[in-house]
Structure formats: C-alpha cells, structure tokens
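Here is a short briefing on one protein model. Look at the structure first, then read on.

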Amino acid sequence: MTQPGQVPGPASAALDEFAQHWARAMAQISYVPVRLDELRQVLLGYAERMAGSPDGPAAAREVGAALVADGYTNVSALHATVAALAAHFPPHDAGPELPGETPDRVGRTELLGAVAAGYARALRERTQRELESIIRAVLTARRTAERAWAASEARFEALFVSSASGICVVDPENRIVQANPALARMLDRPVAELVRRRLTGLVQAPHRAAVGQALDELHAGRRTHAELDAAFGRPDGGTVWLRLSLAPVPHGEVTHLVVTAQDDTERYHLQSALSHQALHDPLTNLPNRALVLRRLDELIDGLGPDEHVGICYLDLDGFKTINDSFGHAAGDDVLRTVAARLAGCVAGPGWLAGRLGGDEFVIVAADPDPTRLVRVAERVVSAVRQPIPAAGHQLSVSVSIGVTDDRIPHSQPSDLMRAADIALYWAKAAGGDRYEIYDANRHDAQALRSTLASGLRSALHRDDFTLRYQPIVRLADGVPIGAEVLLRWTHPEHGPVAPEIFIDLAEEIGLIGQLGRWVLTRGCQQAAHWYRDLGERAPFVSVNLSARQLHDVGLADELLRTLDEVGLPASQLQLELTESALLGPAQGPADALRALAAHGVRVAVDDFGTGYSNLAYLRRLPVRELKIAGAFIEGLTPGHPGTPADRQIVASVIALAHGLNLTVTAEGVETREQAELLRSMGCDHAQGWWFARPGEPDVLHRMVVREGGKPVDPVPTY
C-alpha cells in the first residue's frame, strides 16, 4: 500500500481507481453502514492483496471470505464483486506485471472462481454458525424451561426473521411448518404459500430423490446432519440453486428438521460457464481436445459386445495459405464454417465433433456399424469442398481425413488417435481432399521401411555391406571373363534385405551416391587383387552405376583416381547403366562416359529391352556392350508361352547390336537349353545360375584357374 506522503505509482493509482469503481458498485447494493471513502480504503487493501500475492487464487479466496466477514452477505454483493473484477481487474495500466497477476482469460477466470469460492465458503460457515446458534437457542430454551422461554423465543424469532439465509422447519411428513422471509424471497413465493407444502415438492425433479433421501435418513436418526445442493423451481419458470444444510431438532415427542438455504445460483452459473470454457473451443464452440479424449475414454470403457468406437481425424489442406493470403480473420471464418458443417454431418446420438487446435478437427463415433464412419468421412469431404464465404471472398477449401476404429491392437484413446493420425498422413501424401482408412499391415510395412532406411546409414558407417560376384562367361568356350558386382545387406534384426528394396531406399534418402562409391571402390580393389594374381586372365568387374552417380560432376575424375589408387587398369572396369539413365538432354553424363571410355573403361547398358530402346542414340555414346534382360531369356525355355516372340526379340537384339559393333551379354541364364540356344544365336557372353550363383571372390578365382582358358561345357555350380 502507498505510505502517507508517498506519490502513488502507476500501479497504485490504477488499483485505487479500480477500488473506487468497486466501492461505488458495492455501495449501490449494500446496507452495511460505512462511508464510501472508508469502503474504498477497505476494498483497495483487498485489491492490493490480490494483485501483490504470489498465490493469486489463495488471496482471492481470502478476499471473498473477508467480504462476508465485513457483513456483505447479500448475494448481490458477490455479483457486484465478480462483475467489477471481470471488467476491471487487473487494471490495464497497472504497470509491470505483479506477482500472482493473471492477465490472461484463464487466469482471470480462476481468480473469479476463487473469490466466489471463498465468499461461498465463508457464507456457508456463517450460515452454519447461525444454525448452530439457533439450535443452541432452542435447546437452551428447553433447559431453562418457562423462566427463559419468552427471552429464548424472542432471540429465535429475531434470528429466524432477520437471517440472510433461508430457514424453514420441516415436520416428520416433510411438510414446512415455518419459513422465514429470506427463504420466501429466494423461492419468489409468499411465506403463507410455503407453509404446509412438502419441501420435496418444491425441488426440481432431477434432485428430488436426493433431498427426500436426506430428509428420511435424518428423521430416522441414521444421520445427524446433511448438506447438499438442489435446484428449486420458481413460479415464473426460473430456477434457483440452493445450498441446503439440514439438522434435526426435538419438538415435543417428534423430531422436526431445521433446514437452512444459501442462494448459490450465481456461483452455479459461474461454475457452469467456467466448466464450459475449459472444455470447449472458444472460436467454434466445439468440444476441445480435453473433452474429446474424455468422451473417447468413456465410449471405449462402455463398449458392448457388438459395438465399435471410431475416429475421423481431420486436417484442412493448405490452411496456412488462407491465413497468409487473406488474413487470420478470414481463417477464423473458415474454421467456424467448417465446424458448423462438421456438426451437421454428425448429428445423432453417440457422435461428437470437436476441434483439437489449429486446423485439426476430430469426429468420435460409437456405432455398431463401422462402415457408417466411412460414409460420414465421405460426407465431410464433400461438405468441406463447397465454397466458404470469408473476408469478402468465396474460398475453396479441402480436407484430409484419417479413419480408424477400435479393432486395432490395444484400442486405447491414444492408440486410436495415433492410428487415425497415421491414416491422415497417408491422405495428405496422396494429395489431400480425400480420406484414408488405417491399415495395420500397411503401417507395419512403412514402419519396416523406415527402420531399414535408418539402418542403411548405420550400416554404411559400420561397413556392414558385403559384395558378391557373379561370373560373366564367354559362351564360345565357357571361360569366365568378368564378374558383376552385387551388393548384399543383412539387417541385424530383419535379416537379409532384398537389393531392390534397400537400393530403392538409398535412392529415396539420398544415400545412393555414398553407397555407389563404396561399391565402386571395393569392387575395384577386388579386381586389382585378381589382376595381380592372374594377370591377363583376370576377369574385369562390372559395377552398376545409378542415374544420380552418372550426373555427378566429378564422376570421371573420381573414378580414374580410384583406379590409380588401387592399381587397376581401366580396361578391367565395366560400368553398367540402365537405358533411362543414359537417355536424357543433359550433356554432362555423355561427356563423363566419353572421358572414361577414352581411358579404357567399358560401358554397358543393363537390362536392355525393358526401357526405351534407342539404338541410334546409343550408337553415339561410348557403349561397348548390351545386357539383355533376364525376362527375355526366360522365354527361351522350351514350352514357355513367350518362347516364339522372345526368341525373335533376342535374335534381333543380337543382330542389331553386332551391327553397331557392340557385344551382347545375356542375363539370367538358368538352363543348358538357354545357354546352347544363345550360343547358336551368336550371343557373346552370359551370366546366370547355370554357370554360377553370386559368391565370394575366391569362387571366381578358382573358376578362372580351373578353366585355364580351354573351351569346356558349362557346368552348373551351386
């Protein structure tokens, strides 16, 4: 508080102005004999206590109790206090934020609730004290008998008539035998009308049984006191909420009950408003996340044998663009319109639409027919798609929805929300304006793919990859002349991973360049080892090159540097590229291939015939070999449905390639018949399981030494 002689600072001046406003409001409704300036000083102290306390709610409860202690027991005093605090506290110009100050809406609401709670508790305690005083007066009158009867009767009558609390006496049949003016005012009925009415007849139906049970237990002596809240009807159709305190008092040979009532209507409405605010979104008035999760939990706990709970998780597509382009006011208009359309799509028992925050909404449903959830999702997509008027524009909005129900594992609220969120991501990834239904198998496959993608990086750092070599033989004499380098990976948890899976993942996460360089370096090192041991008989290595590697600016320099470092002649390296990697407008890859070919590096087209074949274009590139895809070689097997066509295709490719001075390698040769037919067609080289499976480097070393350059019949190696 400001000391005498001290100039009030901005905060003190603001609080003083607030106290004056509060005092004027209280003076209009209060009958407490106190001057306005004295009242202002008292209320200023209360305001400073709330503003300066580190525990604002605690201080607010103390202020509410102090108002009752000062004699402000009329419920209008609480109304005036709550209205003043809600409108003016804390003052906007009070300067820096004081300890315990709660400027936000939630904090102010908590402060109002604390004042009301403190006021109600103090008033209840005061009422209890009055009741106890009444009971003591009654008992004293009985004990002092006729000598003090007149005085005791007068005191009781004074308390009964002047009490701010409603009071009535109820006989064993629960009829009111006496009522005071305060109770008559609360119920808006004359005292004469209340007398001989059953108390339970005045209580509204939802609370009638609880009041009747308390009365019966008190009459029977099973309880000595009872307190409960109940709603009472008024003649005008209104409702007043009373806090009842009931206690027995002897009355001759029978026991009557004294009932005191405190008008709790203001506190009830305030508490209801606070509860609604806490559980509903202020912009759309839809249930918020807390209420949605509570409702979802209740539905799951109460599921019957043939019932299901489902979720539609919604997210507006491109909502940020609306905010950025038209402003947040337009965005709010869109959210309110979408909320109204959602509510229209789910009208019915057991369905709930809520807003989780931002542009995210959710629909919760309890329905024995799970397909109905999908139909609702379809209606929502269609409804949201309709133009929305906002900020003077007709905005087009779409929504993505993830759908799931309780037939997933565990089926707890968090599991359902997570599954629906995953399905929502699928809908977004597919372009939006649609719904996707959660599929556990699809999720598991994606999770495995994600796990493998993470493991790829670690495997590369740990050197977990291995290389296998599949011999390439000369069909004329069966001598191994080269080996294709094949990359293999065994995941520590999931075991061997198919190359087409992890190569695709490496492309997707941008790891293919590092992986390709690793393969090239290791393959060249092995080829150099063969070359040192076998000399001119050493097989070349054929390494697959990805399109991304082919477009690396420094490809030629890096490869030539690697060959020099490991001591491998350029002629002992063959690069395999797919047709799609070779065909394109960029000049860089062609220049790189020409530079490598000029040093002796071999260039081959892999899986020829499966892409866009342009032999004229390939003629202008330094390609030395075509590798016919195994799909065509499979058709050379007698009895295969594609044999006539595949045989003609293979023969034509061999003839055209030879016409362009290119050699031909057949991939996927698995039978003697295929090998002999290819040899008769003039095919130069072949590889496949008929000759050898991919294996360790020493397998190829033994094959070269065994063949010794002599023509032999190829024999399967397993």
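The points below cover a sheet, its helices and a pocket.

This is a predicted model, so local features need pLDDT of at least 70, side-chain atom pairs count only at pLDDT 80 or more, and totals for chains, interfaces and linings use all residues. Residues are numbered from 1 along each chain as its sequence is written, and side-chain values use heavy atoms, without hydrogens and water.

**The sheet**
- An open sheet holds 5 strands in the order β7-β8-β6-β11-β12, with mixed pairing.
- Strands are DSSP runs of E, at least two residues long, and helices are runs of H or I, at least four long, numbered from the N terminus.
- β7 (351-357) and β12 (434-437) stand at the edges with a single partner strand each, so one side of each has no neighbour in the sheet.
- β6 (residues 309-317) and β8 (residues 360-366) pair in the antiparallel sense over 7 bridges.
- Two strands pair if DSSP finds at least two bridges between them.
- Cys 312 has Ile 363 in β8 as its bridge partner.

**Helices on the sheet**
- Helix α16 (residues 413-429) packs on the sheet and touches β6, β7, β8, β11 and β12.
- Touching means contact, with heavy atoms within 4.5 Å.

**The largest pocket**
- A pocket is an open set of points on a 1 Å grid over the protein atoms alone, where a 1.4 Å probe fits, with protein on both sides within 12 Å along at least five of seven lines; lining residues have an atom within 4 Å of a point.
- β14 gives the largest share of the lining of the largest pocket, 5 residues.

Key:
Axes fitted to C-alpha atoms, helices over the stretch in contact; angles between N-to-C directions.
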